[in-house]
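Hi there,

Here is the structure I promised to pass on. Have a look at it first, and my notes follow below.

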Amino acid sequence: MGTLDLLVFVAFIAAVVCVGLVKSREADGEKDSQDYFLAGRGLTWWLVGFSLIAANISTEQFVGMSGAAASHVGLAIASYEWLAAVTLVVVAFGFLPYFLRAGIFTMPQFLEYRYNRAARLIMAAATVLIYLLLLGAVTYSGALTVRTLGDKYGMAIPLWQPSLFIAVVAMVYVVAGGLKASVWADLLQGSALILGGAIVMWLALARLGAVEQAARVVDASTGEVAVQTLDPEAGPIERFFDLNANRMNMFLPASDPVLPWTALLLGVWIPNFYYWGLNQYITQRTLGSSSLAEGQKGIVFAAYLKLLIPFVVVVPGILAFNLFHEDMRVLARKDVAGAMAKYLKANPETDYVRTVEGLDSAEAAEHAGPAYLLALYDSDEQLAAFKKLKVTSPFVLPIRRDDFDKATPVGRQVFENREDLSWDEVNPELAAEIQAYNAGVRRAAAAAGVSPESQALVAYKYDTALGQLLDLLPRNGLFGFVMAALLGAVISSLAAMLNAASSIFTLDLVRGTVAPDASDRTLVLIGRLAVVAFATVACVLSPLLSDPDISNSVFTIIQKGQGLLSPGVLAVFVLGLLLRRAPRVCGVVGLVLNVIVYGGLWWISETTQLFQGIGFLNNFLNWMAISFAVCVAVIVALAKLAPLPEPIDFHAETSLDLTGSRGAWIAGLVAIGLTIALYATFSPLGVAGM
């Protein structure tokens, strides 16, 4: 940063912290638990709306979602945003009235209100564990952006440094001011985030209009990439659609591993409804509404903002690949080198071939086998990784034959500049060799009672898309503003999660088990100590998530991990509202059954070949759909077999005004109509007409 950028950056972060702390202390004496955890139930609609978006939109989106958009997925990843607009309308009028009527502080508390204490404790414990992953993932995504920028300028910034900065800033104002500090900070950060994203998109389009060549994904189903010479007479928008028409489609094939169109039928709705209606760090904002009408207006306002987000998050990610695909490929080489080194370390009998430059087909055949393929990667980086690597298990699987298929991005990188070679010319027996080796490794590992290790291969470091785009910003204060807005977004989301995790830990687990008679002062103190502990966890987990073995997408990490909780929670909440005679044991049954079913599908996919060739069973969103369906079927069966003698009465436990908003209802219907129009525009038929 230049001096002006640094001043703007520091001033913005300081303003966010100060506004949050000052507003949280206005008219407050000694904070009670309602003041600290729910902002005294006094939030107006515009605070609710902006706070929902700021708590949601973070580098989970700006890094993870833009990274997914940079890949073959393209605009389709926007389904998480546009379907959220519909979800929010349903939450405003289908869920919120019951939650405010119950007077609850946390979502697990509602399960005790409807079912029993056991269901509350199970959901609370599971939620806190899931939040530990989320805390690390959000912190990592922000730290990764800082490190990516550092790499572009030759600065080696370790992930723990930006991780510590992000965690400390969020921790400071949450510890001091609770939810009220968070929502006022969100107001500034949410506004700046949308503005900053729009600036980045405008600059990326301007750059696309100025370059002579850009990369395009030739085939979105295989990820085949080509560099295309651009029409000098075409403007940036025309160039964008010419390059990316095949990635501006919301409906991906059923076999797509990230977001198949089949997931839009049910799978993607499950995390959406869980996230916006039942997820504590989001719903805590709506539970703090001053009335039902204010809460409904705020949620619908957030729905309109969600319709705008893909244009400042997803589109820039697509542009980043067009402009910086080569940089993304180079940044992936470190991860690839580690993958190769892991195989070689566990298989010392494999020759380490330093170079095969200039070999013709006959000479290449002499080096057939994994060693030949490994040698096509950067030798120095691979050798350095090999020397440093410590492999604790001798059972390491080599690279799959499919990873080197020319129809995959990794395969094309392997065969780069060797287009004269086909797979069979390299080694016609290699596929069988690798398959036999894998089978032997699995048998040996099973006999030793351990799991075999493996290492993911990546062709491009897609999650660096945002970091590449930030380099377009001029150093006149604008760079400092956008960096502050982006890090502010991370801080805002982290603050929301810290506040939510501490609320559940304090109110559901501590007060619900070991200290039922604790005073408000004691509860607030425990909540603050929990914030400090959870912020520490975020710092520790953040660097660990950089391992490509975990995932090449932060966004996938977050969504996949929540599947252990979200389908079961959604089932027990929805059926708890609809089936008033369903027995109270259904809460525990639904939550536990989901972990068994979803966890079982995940384990089968990762450790066996049973789902091979069955595209539907290879996607975690479809696992969610299956888990949800099983939970619903079992709860409905229990409701039929052992119904309660009297239906549950959702009696009022609050003094809030529970009159709904007719204006918000009409605006919500319009938002649903706009969502349908967007899907029609970016469908195969709509894109074809562009």
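Let me start with a pair of helices. Helix 10 (residues 269-278) and helix 11 have axes that come within 6 Å of each other and cross at roughly 40 degrees. An angle of that kind makes helix 10 oblique to helix 11. On the helix 10 side the meeting residues are Tyr275, Trp276, Gly277 and Leu278, and on the helix 11 side they are Gln280, Tyr281, Ile282 and Thr283. Please keep in mind that this is a predicted model.

Helix 11 has another partner. Helix 3 (residues 45-56) packs against helix 11 at an angle of about 170 degrees, and the two axes are 9 Å apart. Helix 3 is therefore roughly antiparallel to helix 11. Here Val48, Ser51, Leu52, Ala55 and Asn56 of helix 3 meet Tyr281, Ile282, Arg285 and Thr286 of helix 11.

Is Thr283 buried or exposed? Its relative accessible area is 2%, so Thr283 counts as buried. Setting aside neighbours within four places in sequence, Thr283 is in contact with Met107, Trp276, Gly277 and Leu278.

Now for the wider picture. The chain has 28 helices and two strands. Of its 690 residues, 57% count as buried. If you take the contacts between residues at least 6 apart in sequence, 84% of them join residues at least 24 apart.

The largest nonpolar core holds 197 residues, and Leu470 and Phe573 are the ones with the most contacts inside it. Helix 8 (residues 160-210) gives this core its largest share, 22 residues. Phe573 touches Phe99, Met107, Phe110, Leu111, Met123 and Leu278, again without counting residues up to four places away in sequence.

Phe110 and Tyr113 form one that is tilted, with 5.5 Å centre to centre and 35 degrees between the planes. These two residues are three apart in helix 6 (residues 107-114), so about one helical turn separates them. Both Phe110 and Tyr113 are buried.

A second tilted pair is Phe321 with Tyr462: the ring centres are 6.2 Å apart and the planes are at 40 degrees. This pair links distant parts of the chain, 141 residues apart, with Phe321 in helix 12 (residues 292-331) and Tyr462 in the loop between helix 19 (430-448) and helix 20 (465-470). Phe321 is buried, with a relative accessible area of 1%. Why does Tyr462 count as buried? Buried means under 20% relative accessible area, and Tyr462 is at 16%, so it counts as buried.

Finally, two arginines to look at beside aromatic rings. Arg114 lies over the face of Tyr115, at 4.6 Å from the ring centre. The charged end of Arg475 sits over the ring of Phe479, 3.8 Å from its centre.

Happy browsing, and do write back with any questions!

Best wishes

Terms used:
Residues numbered from 1 in each chain as written. Predicted model: local features only at pLDDT ≥ 70, side-chain atom pairs only at ≥ 80, totals over all residues. Heavy atoms only, no water. Core = buried A, V, L, I, M, F, W, Y, C linked by side-chain atoms within 4.5 Å. Buried < 20%, exposed > 50% of the residue type's maximum accessible area, 1.4 Å probe, protein only. Helix = DSSP H or I, 4+ residues; strand = E, 2+ residues; numbered from the N terminus. Contact = heavy atoms within 4.5 Å. Phe/Tyr/Trp six-rings, centres within 6.5 Å; stacked < 30°, edge-to-face > 60°. Lys NZ or Arg CZ within 6 Å of the ring centre and 35° of its normal. Axes fitted to C-alpha atoms, helices over the stretch in contact; angles between N-to-C directions. Parallel < 35°, antiparallel > 145°, perpendicular 65-115°, else oblique.
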